[in-house]
Amino acid sequence: MKALFFLLVSLAVSVACLAQKPVEALQGNHTLRERYLLMKTKSQTYGEYKVIKETTLDGVWRILLDSIAVKNKDLGTANTNITNLKGELNKTVAALKEKEQSMTDVLHDSTHISVAGIDFTKGAFISMAAIVIAGLVALLVVIMGRMKLQSKALSEKNLAVNALTSEFDEYKHRAMDKQTKLSRELQDERNKVQAMIRNT
């Protein structure tokens, strides 16, 4: 009976040793590399080979598949986020380009002016307007100077005409006086000649 008891105890111990214990590679929060290394180091060696329990291998395989599924799900979520971010980036880039175009238009409008359909920079337009105004002022000065010269020449001509008219009037007056005097003298001579004819 002791032999039977001993046999049962040894059978129980061997069964307990061979019983499915959770392998360290399947427990805890390890990375896949750590699980692989644990599975490799905790497995038995048979010559050049490693003897790995099928349950451990299946467990590591399930964990590997679960990890791949999680990574794929994360990758899908990341791709969706990337697509959404690309869409937002494209919208932002389009809005930025629109704002840049608007700013370019505002900047162009603030530095340019359109006159009669011709686009000028404000500096060029101001310079051109100043040149035109200066030209008009110069032309006005020249016209006023010529008008003064013509007015002076006209007044000199008027003075000359007045002087000539006055001189002519004086000459006419003297000529009339002379003619009147000559007419009297002639009349006196006629009277003398008639008086001499009567007396003779």
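Let's start with salt bridges: how many are there in this protein? The count comes to two, and bear in mind that we are looking at a predicted model.

Take Glu170 and Arg174 to begin with. Their side chains meet in a salt bridge, with 3.7 Å from N to O. Both residues lie in helix 4, four residues apart, and that is about one turn of the helix.

Glu189 is partly exposed, with a relative accessible area of 44%.

Let's stay on helix 4 for a moment, which covers residues 122-199. What makes up the nonpolar surface patch of about 560 Å²? The residues are Met128, Val132, Leu136, Leu139, Ile143 and Met147. Met147 has its place in helix 4. Is Met147 buried or exposed? At 52% relative accessibility, Met147 counts as exposed, since the cut-off for that word is over 50%.

Now let me step back to the whole chain. The protein has four helices and four strands. If you read along the sequence, the pattern goes α-α-β-β-α-β-β-α. How much of it is buried? Of the 200 residues in the protein, 6% are buried. The protein exposes about 17800 Å², and carbon and sulfur atoms supply 65% of that. On contacts, if you take those between residues at least 6 apart in sequence, 27% join residues at least 24 apart.

That brings me to helix packing. Two packed helices are described by the angle between their axes and the distance between the axes. So, at what angle do helix 2 and helix 3 pack? Helix 2, residues 32-42, and helix 3, residues 54-111, pack at about 175 degrees, and their axes are 11 Å apart. That angle makes helix 2 roughly antiparallel to helix 3. Which residues make the contact? From helix 2 we have Leu32, Arg35 and Met39, and from helix 3 we have Thr56, Leu57, Val60, Ile63, Leu64 and Ser67.

Leu57 and Met39 are 18 residues apart in sequence, yet their C-alpha atoms are 8.2 Å apart in space. And how accessible is Leu57? At 41% relative accessibility, Leu57 counts as partly exposed, because the value falls between the 20% limit for buried and the 50% limit for exposed.

How values were computed: Residues are numbered from 1 along each chain as its sequence is written. This is a predicted model: local features need pLDDT of at least 70, side-chain atom pairs count only at pLDDT 80 or more; totals for chains, interfaces and linings use all residues. Side-chain values use heavy atoms; hydrogens and water are left out. Patches are made of residues with over 30% relative accessible area and no salt bridge: like charges are joined within 9 Å, nonpolar side chains (Val, Leu, Ile, Met, Phe, Trp, Tyr) within 5 Å. Accessible areas come from the Shrake-Rupley method with a 1.4 Å probe; for residues, only the protein chains shown count as cover. A salt bridge is a side-chain nitrogen of Lys or Arg within 4 Å of a carboxyl oxygen of Asp or Glu. Helices (H or I, at least four residues) and strands (E, at least two) are DSSP runs, numbered from the N terminus. Buried means under 20% relative accessible area, exposed over 50%, partly exposed in between (1.4 Å probe, protein chains only). Contact means heavy atoms within 4.5 Å. Axes are lines fitted to C-alpha atoms, for helices over the stretch in contact, and angles run from 0 to 180 degrees between N-to-C directions. Angles under 35 degrees count as roughly parallel, over 145 as roughly antiparallel, 65 to 115 as roughly perpendicular and the rest as oblique.
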